[in-house]
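This report covers interfaces, domains and charged pairs. Please keep the sequence and the structure open while reading.

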Protein chains: 2
Amino acid sequence: MSWKRSERLIDMTNYLLSHPRDLISLTFFAERYNAAKSSISEDITILKDVFELQGIGKLITIPGAAGGVKYFVQVKEDQVKPFIKNLCELLAVPDRLLPGGYLYMQDIIGNPQITDQVGRMFASKFSDQEIDAVMTVATKGIPLAYATARYLNVPVVIVRKDTKVTEGSTVSINYVSGSTKRIQTMLLARKSLKEGSRVLIVDDFMKAGGTINGMISLLSEFNASHVGIAVLIEAEEVEDRLVEQYTSVVKLSNVDVREKKITVSEGNYFTK
Amino acid sequence: MSWKRSERLIDMTNYLLSHPRDLISLTFFAERYNAAKSSISEDITILKDVFELQGIGKLITIPGAAGGVKYFVQVKEDQVKPFIKNLCELLAVPDRLLPGGYLYMQDIIGNPQITDQVGRMFASKFSDQEIDAVMTVATKGIPLAYATARYLNVPVVIVRKDTKVTEGSTVSINYVSGSTKRIQTMLLARKSLKEGSRVLIVDDFMKAGGTINGMISLLSEFNASHVGIAVLIEAEEVEDRLVEQYTSVVKLSNVDVREKKITVSEGNYFTK
């Protein structure tokens with residue numbers, strides 16, 4: 001069967017979207033559609049333009065016999081800004097306030113459309129970096145870590161604060177929670193991270209950064225390093241932040257329990 | 001700007017894939033591309049054929065003024081069978097064995113390509129059903145629940161076995177673990193599930209089904225009901241299974257710690 005261009009473009013779009021950062025050779029597509037490589041090249045030019053115009057991502061073509069095409073997620077500022085604005089409004093709803101100034105978050109974290117978009121943003125931010133894994137700490141960071149990892153096409157590594165019997169030998173460290181100053185323990189299954197890995201740290205919330213600092217210490221136990229830190233929400237007005245370099249989607253400036261007022265603004269995603 | 005068909009098809013593919021089960025009117029597409037509705041109709045016919053041929057999913061068109069097109073994930077048996085076979089082989093690697101006959105799973109559960117494909121399978125199986133939410137229990141079921149929910153375009157509800165201070169009021173139940181016969185507690189934030197919801201239960205592993213049975217009891221506290229149960233792995237040779245109707249991807253028949261042999265076969269996904 002020979003494919004028409006229109007049919008090829010539909011299937012190629014789906015194929016590229018499902019294989020981010022994979023190098024796909026023109027030969028692969030040529031055989032898949034029983035088409036000439038020159039036609040596939042033309043297809044890719046069309047795909048590239050639409051992907052860029054619509055903020056789907058960028059297609060990088062690598063010439064030569066070992067070459068091909070790679071799809072990288074890339075978000076557009078004018079598409080993401082309204083999303084962030086909407087998220088700020090969602091977060092500022094007073095109903096969200098719980099005793100002690102905590103915020104109920106499951107309606108946001110539980111929405112796959114939101115976690116997926118945040119994952120796209122994080123993957124886009126770090127798409128030029130060499131990344132071997134995304135790391136997070138159980139449990140609220142998990143959906144964001146998977147959404148990001150899916151777009152980066154790398155595995156997820158989950159740090160725990162409790163020992164699970166089903167993980168085999170673990171490496172544990174003690175760390176100081178930045179806000180409560182308490183000493184806590186976090187651990188990672190030895191099998192779950194290769195020595196020397198380059199890791200993107202993802203979490204839902206960062207206050208002083210104690211937990212994230214703990215993950216960085218844990219990485220050094222694996223001779224691994226972090227290439228970046230990405231959080232959904234950062235809490236502003238933290239006196240001694242333990243983490244300097246990070247990217248955030250939104251910033252929580254103030255939670256006034258008495259007045260039932262939550263103040264949220266755009267994070268540093270587009271400024272840092 | 002007027003769009004060419006080839007360009008429209010690329011963007012429509014991406015748009016449909018990102019909006020599963022949403023009704024998208026032809027007017028929406030016609031305005032988006034500055035095209036005649038008749039051209040959009042023709043586009044959809046082409047999309048429909050390729051989506052079906054390639055196992056991307058099915059497009060259902062609803063005629064009339066309030067009509068449009070809906071994309072449903074639908075997997076093809078000949079594409080999924082090799083995936084399941086591969087998963088069985090991965091699971092049978094003796095390295096995976098931990099003391100007590102537990103299996104190390106994070107390399108599988110931590111792979112977004114795998115969780116995504118399992119999510120596609122689960123969403124495909126229940127795509128005809130009316131579903132309001134996907135429910136799972138923390139923590140290993142979370143990635144599968146999100147992958148499924150993303151394709152069903154519904155929120156995720158996470159049951160916990162420990163109380164989190166940041167969830168507000170919770171509803172808790174006691175349940176009996178099917179294998180250990182111990183009484184345990186699970187809880188769900190009151191805010192996280194609407195009364196009367198129709199819920200798909202997703203988990204990574206089912207032995208006797210105690211945990212899943214617990215989730216069903218919890219649902220009744222919300223006057224909610226389950227429309228289905230989907231697990232990645234079922235353990236075979238369970239004498240008194242508490243759950244009758246479920247779908248599984250793979251079946252773990254035997255774990256021989258002494259001989260270091262794990263026996264895994266295809267689950268009931270294609271037979272039930």
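## Domains of chain A

Domain bounds here come from an automatic or database domain assignment. The model itself is predicted. For chain A the assignment gives domain 1, residues 5–73, and domain 2, residues 77–266. Their C-alpha centres lie 33 Å apart. Ten residues of domain 1 of chain A and 13 residues of domain 2 of chain A take part in the contact.

Between them, domain 1 and domain 2 of chain A bury about 890 Å². Carbon and sulfur atoms account for 37% of that area. On the domain 1 side, A:Pro20, A:Arg21 and A:Val73 lose the most area to domain 2 of chain A. Together these three give 65% of what that side buries.

## Polar links between the domains

Across the interface of domain 1 and domain 2 of chain A, the rule finds nine residue pairs in polar contact, both residues at pLDDT 80 or more. By class, the side of domain 1 of chain A that touches domain 2 has four nonpolar, three polar and three charged residues.

How many salt bridges does the rule find across the interface of domain 1 and domain 2 of chain A? The rule finds one. A:Lys58 forms a salt bridge with A:Asp128, and the closest N and O atoms are 3.2 Å apart.

Is A:Lys58 buried or exposed? A:Lys58 counts as buried because its relative accessibility is 16%, and the cut-off for buried is under 20%. A:Asp128 counts as exposed, at 66% relative accessibility.

## The interface of chain B and chain A

The size of an interface is often given as the accessible area lost when the parts come together. For chain B and chain A, the buried area is about 4500 Å². Carbon and sulfur atoms give 61% of it. In residues, 55 of chain B are in contact with 55 of chain A.

The rule finds 18 residue pairs in polar contact across the interface of chain B and chain A, with both residues at pLDDT 80 or more. Which elements supply the chain B side? Helix 1 (5–18), helix 3 (37–53), helix 5 (106–109), helix 6 (112–125), helix 7 (142–152) and strand 4 (156–159) of chain B each supply at least two residues. Helix 1 of chain B gives the largest share, nine residues. The side of chain B that touches chain A has 29 nonpolar, 14 polar and twelve charged residues.

## Contacts across the chains

Side chains of opposite charge can pair when their charged atoms come close. Across the interface of chain B and chain A, the rule finds two salt bridges. One of them joins the side chains of A:Arg150 and B:Asp116, at 2.9 Å from N to O.

A:Gln106 also reaches across: its side chain comes to 3.2 Å from the backbone oxygen of B:Val156. This glutamine sits in helix 5 (residues 106–109) of chain A. A:Gln106 is buried because its relative accessible area is 8%, against a cut-off of under 20%. Leaving out residues up to four places away in sequence, A:Gln106 touches A:Asn111, B:Tyr146, B:Val156, B:Ile158 and B:Ser192.

## Salt bridges within chain A

Over all chains, the rule counts 28 salt bridges. A:Arg8 and A:Asp43 form one, with the closest N and O atoms 2.5 Å apart. A:Arg8 lies in helix 1 (residues 5–18) and A:Asp43 in helix 3 (residues 37–53) of chain A, so the pair ties together parts 35 residues apart in sequence. Both A:Arg8 and A:Asp43 are buried. A network of salt bridges links A:Arg5, A:Arg8, A:Glu42 and A:Asp43.

A further salt bridge pairs A:Lys251 with A:Glu236, the closest N and O atoms being 3.7 Å apart. A:Lys251 is in strand 9 (residues 247–256) of chain A, while A:Glu236 is in the loop between strand 8 (225–235) and strand 9. These two residues are 15 residues apart. A:Glu236 counts as partly exposed, at 32% relative accessibility.

Methods: Residues numbered from 1 in each chain as written. Chains lettered and ligands numbered in written order. Predicted model: local features only at pLDDT ≥ 70, side-chain atom pairs only at ≥ 80, totals over all residues. Heavy atoms only, no water. Contact = heavy atoms within 4.5 Å. Buried area = accessible area lost by both parts, 1.4 Å probe. Salt bridge = Lys/Arg side-chain N within 4 Å of Asp/Glu carboxyl O. Polar contact = N/O pair within 3.5 Å; in protein donor to acceptor, adjacent residues only side chain to side chain. Helix = DSSP H or I, 4+ residues; strand = E, 2+ residues; numbered from the N terminus. Nonpolar A, V, L, I, M, F, W, Y, C, P; charged D, E, K, R; others polar. Buried < 20%, exposed > 50% of the residue type's maximum accessible area, 1.4 Å probe, protein only.
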